[in-house]
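User: Could you walk me through how to read a few features of a protein model? I'd like the general idea and then the case at hand.

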Amino acid sequence: MTELVKVMGQEAGNADPVLSVRDLVVKFRLRGRELTALRGLSLDVYRGERLAIVGESGSGKSVLTRTFLGLLESNGRIDSGSILYDGYDLAKFSREREWVKIRGGRIAMVFQDPMTALNPLRTVGGQIREALLLHSRISGAEAKRQAIRLLDDVGIPDAERRYRQYPHEFSGGMRQRAVIAIAAACTPEILICDEPTTALDVTVQAQILELLRRLQSKYGLTVIFITHDLGVVAEIADRVAVMYAGDIVELGSCREIFFDPRHPYTWALLSAMPQFGERGKPLCAIPGTPPDLFADVRGDAFAPRNPQALAVDFQMRPPYFEVSPTHRARTWLLDPRAPELLPPEPVRRLQEAGAKYLLQNRIPDRENRPALHEKQEAPEPRKSFRNFRKEQAAQQSPVLEEAARRLRLGEGAGNALRRSLGGGLGQYG
Amino acid sequence: MSGFTELHFQNRILERRMPDRRPGRTGAGQKQGGLPGKREPARQRRDAAESTVSGRGAAQRRTAGKAEPSAPDELFIPAGGSFAEDGSSGGPGYSYLKSTLRVFFSNRVSAAVLIFLMLLIAFTFLQPLLPGQKSPTEIFINPETGTQYRNVRPNAEFWFGTNSIGQDLWSRLWFGTRISLFIGLCTAAVTAAAGIALGCIWGCARRWDKLFTEIYNVFDNIPYTILRMLLIYILRPGLPAMIFVMSLTGWVGMAKYIRNLILIYRDREFNMASRCLGSSGIRIVLRNLLPQLIPVIMLNTALAIPNAIGSEVFLTYIGLGLPVSVPSLGTLVNEGRSVVLAPAQRYQLFFPALAVSALTIAFYALGNAFADASDPRNHR
Amino acid sequence: MDRIKYCAGRILRAAVTMSIVLSAVFLLLRLLPTEGYFGERTDAISPQVREQVLKELGLRDPWYVQLGAFWSRLLRGDLGKSLVLRRGVDVMEIISSKAAVSFRFGLASLLIEKLAGIPMGVLMARYRGRFFDRLGSGFVLLVSAIPGIVYYLLIQLGGSNLLGIGMLYTRGDIRTCILPLISLSLGGTASTAMWMRRYMADQMNMDYVRLARAKGMTSGQVSFRHVLRNAIIPMAQSLPSSIMFTISGSLYIESLYSIPGMGGLLITAIRRGDNPLVQALVLLYSAMSIAGLLLGDLLMAMLDPRIRLAGEPAG
């Protein structure tokens, strides 16, 4: 266990998990029935990393991060499990006095919809100042100065004037910047971004992601992204956790999830990316609906929607299988006794592309890159997906090497992928 | 067939020729013994993972193994044929009306109030048919003295006593309740009908919006009580005038409410979709909008009844109500009030006041309970 | 800038509404029984003389002529003279002497309503679903459901027995104000509490409350610095109307305690058939209603930064 933690920590640039979730079970009472939103979920978050949690609506992504702040809806509760942070078990917190020490100052959050996240009747500046005054002993005037600097910092021009304006005078992107400024004002260690770009225009999305990345390196934040947009994940994440039906079904570094996914759900998710759609063909959609969490989920939660499910998937819940020290997946397909299934076409193309890049460009290993939490002087240029893929390729694990060998890349496959990915994800770059 | 399924059709299930080519596998690989030498590196890594690094996977497996027997080999076959288009059901079915009723009846108080009110209404209308009931307007004469039974306190003969001219309060009270309920129900019905019809036109016909808004402004800017007093004065007091006037001031609020809701619902996606598919305006209103408005309409109607009853009491109090010869709750309260200074005769105020209060509270409580129940936020 | 434009537009709209409403009311009042124009000597007058009087008053003119005359008199501030109640006295004089009494009572009760109702609503919202909330909701339900006359009588009877004070109001005796004030403010307290609770509950569901809590504010801090502030603003909208309508007094309460206020004036005028007084009162109340809404909107424009020119206040 500790060994694993160490290795995974090294992968993320640092050895110790800043936040450890163990066997977390969260239940909700809804219309007289009980719903299990998180089913024994475990996760380590490492210092200074950018972790993305992806999954479709209702998979429990938001519920998971809400538990870190004690902001579950009033009908939800932590049934069992622990959330270890800085010597505390957040799962045991019950009183507001305890939570106030964590919220904001240690773990802060950016919400999905910037249009409603700010109090419409108070000035933006006032709301930032309030956050500053909550977490540091400074005078009001000093807080105002710092708030204006923060506004400037998150890229709001004319900060002095903007400080006195009300939220309705801000555009959506500007409001999200203001929300981020509030989060930053608390000087947290962990920043949770709950779909920070979903409600925004595509062009603004890229700017907000860039801002978050810049702040992360500037303040050495650990960032947890919640999203259902794999494009965002590719753009920003170091590590990806794929959630389905209240559990993490696959967890790995970004390149592992994109170029060597193992769980059928991850396959389905990747195949459903519009970037893989071919002209004239319907987009891939995942058939069926997520399981009824009011009932006990038996076996692999995704099995009923997986046309290739094994018999065992309906009977027993799969354990985690290690793919690499940083990559694990909860599927019986990784059991040696399982038949070998080929992933769907788009995923195969991704695998091929990953392997091909690895063979073509030997770029130094990741250890040589600066650690993530190091302060970077100049803001790094926005990564295009092309760069991203290069980087991904540069970080191929031995797993992928072998996969590449085995797959015997076909000529031209990579080009097709490059075209489709480049076209589709260009909007983020 | 969805794209994903289609994709999977293209895949072939590989036989177990190269099971351990997928690297990094952990778990019960022992049965696969006799691996070709060239795959040694992968195996070594896997072994290493098993003994050291893979603690997570192995540990998880072990705990899983404790809970249930480890996966039998024969289960590792495709579950073929289970191309479940629809996974397991997507959460419990949610029906707005059902949830509303469930929340409503899960509150025992409101269910009790509903039953109480239904019994009360039933009794009110059945009372004159029961045996041994007295006439509400007959003046009773004491056969021994030949004088009227004036201000007789409640006894076995006159259950609620008599009033100052010797009429039976028990039967007068029920008669009055009937009249008041009649006014309330009529007003509520007219208000609802006019409100819905005009509200729908107001909300749907954009051309008429301005005209309606102006009419609404006129009605809304004259205080209702004053408008009611004035109109009744102009029309001369009486039962029809009262119902007409109360409805006239009531529909405005209802229509405005309906109009606002229609404006909110009108541009929702499902109506847009419906309009794109060529449904006519009326069809949209009847099929899509009205069902959404039912709880609101019921709430408003439920609240219109106690309002009308209360207004009747008020109008009678100021002398613009029903003639004294017709017992209504208003006239009864008024009669009772006139003798309030004599403590011995306060029963004449007490019973009508109790009846008015019980009726209005019951309708109010019911309306509010229904409003709470129809709020989807309470459907937990 | 936008705000000034908004206010100007709003005032203009109110002026239009005002002229429409006053004209409508005037025309409606033409339907009043004509007995009300002869004072108390109705029966003594022959039909010919009646027609003569009505003609002299201009009541037999076509409606548009009457309307024009009405407006020209109105703009000169002339609302006519009382015919019955205080014959020959300018109606404005009658009204203003009575309104002062009602105004004092009304203002005091308004103060009580807000001071009691707002904290009550806040507490109900904070302890939603718990004992205090249930207690408060029960109170609100009772007060709004029971017809006023019933509990006014109850307060008058019970109160005067309990406190050992007279049932009627006597000028200068502050103790006799207690019961009328309680009766007057009870309804308003209940509705203030109910609305406050509703606004608070609405605000508590807002996303910004989640953000405020996520920044590390305690729920007390959130309640006071964010929720309460935002919830009180919509209450301000009805304040001007409430203040203005205090002068109309309460018919029930003033007659129960025989307070010489405005409450019974309209009904007395109607009963006695003093048509000029009826007309003046109805016009006055309608004008007050429009002016109250206007002032409420202007107040909101000052308090709520989101008011746009487009008309309705946002959100």
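**Reading the B–C interface and beyond**

Analyst: Let's start where two chains meet: between chain B and chain C, three residue pairs are in polar contact, both partners at pLDDT 80 or more. Keep in mind that this is a predicted model.

User: How many salt bridges are there between chain B and chain C?

Analyst: The count for that pair of chains is zero.

User: Which helices of chain B supply at least two residues each to the side that touches chain C?

Analyst: Those are α7 (209-221), α8 (224-235), α11 (281-317), α12 (329-338) and α13 (347-373) of chain B. With nine residues, α13(B) gives the most to that side.

User: And how do I put a size on an interface?

Analyst: Interface size is often quoted as the accessible area lost when the parts come together. For chain B and chain C, about 3300 Å² is buried, and carbon and sulfur atoms give 76% of that. Chain B brings 37 residues to the contact and chain C brings 43 residues.

User: Next, surface patches. Which residues make the nonpolar surface patch of about 490 Å²?

Analyst: The patch is built from Leu123(C), Tyr127(C), Phe131(C), Phe132(C) and Leu135(C). Helix α5 (residues 131-145) of chain C has the largest share of the patch, with three residues.

User: Let's switch to chain A. How many helices and strands does chain A have?

Analyst: Chain A has 16 helices and 13 strands. Of its 429 residues, 63% count as buried. The accessible surface of chain A is about 15500 Å², with 49% belonging to carbon and sulfur atoms. On the contact side, take pairs in chain A with a separation of 6 or more: residues 24 or more positions apart account for 69% of those contacts.

User: Is helix α12 (residues 264-271) of chain A mostly covered or mostly open?

Analyst: Mostly covered: eight of its eight residues are buried. Among them are Tyr265(A), Trp267(A), Leu269(A) and Leu270(A).

User: Last one: backbone angles. What should I look for in phi?

Analyst: Most residues other than glycine have a negative phi. Here, Asp23(A) has a positive phi near 45°. Asp23(A) is in strand β1 (residues 17-30) of chain A, and it counts as partly exposed because its relative accessibility is 45%.

User: What is the phi of Asp158(A), and where does Asp158(A) lie?

Analyst: Phi of Asp158(A) is about 60°, positive although the residue is not a glycine. Asp158(A) lies in the loop between α6 (140-153) and α7 (159-163) of chain A. With a relative accessible area of 43%, Asp158(A) is partly exposed.

Conventions: Residues numbered from 1 in each chain as written. Chains lettered and ligands numbered in written order. Predicted model: local features only at pLDDT ≥ 70, side-chain atom pairs only at ≥ 80, totals over all residues. Heavy atoms only, no water. Buried < 20%, exposed > 50% of the residue type's maximum accessible area, 1.4 Å probe, protein only. Helix = DSSP H or I, 4+ residues; strand = E, 2+ residues; numbered from the N terminus. Patch = residues over 30% accessible without salt bridge, like charges linked within 9 Å, V, L, I, M, F, W, Y side chains within 5 Å. Areas by Shrake-Rupley, 256 points an atom, 1.4 Å probe, with all protein chains shown as cover. Salt bridge = Lys/Arg side-chain N within 4 Å of Asp/Glu carboxyl O. Contact = heavy atoms within 4.5 Å. Buried area = accessible area lost by both parts, 1.4 Å probe. Polar contact = N/O pair within 3.5 Å; in protein donor to acceptor, adjacent residues only side chain to side chain.
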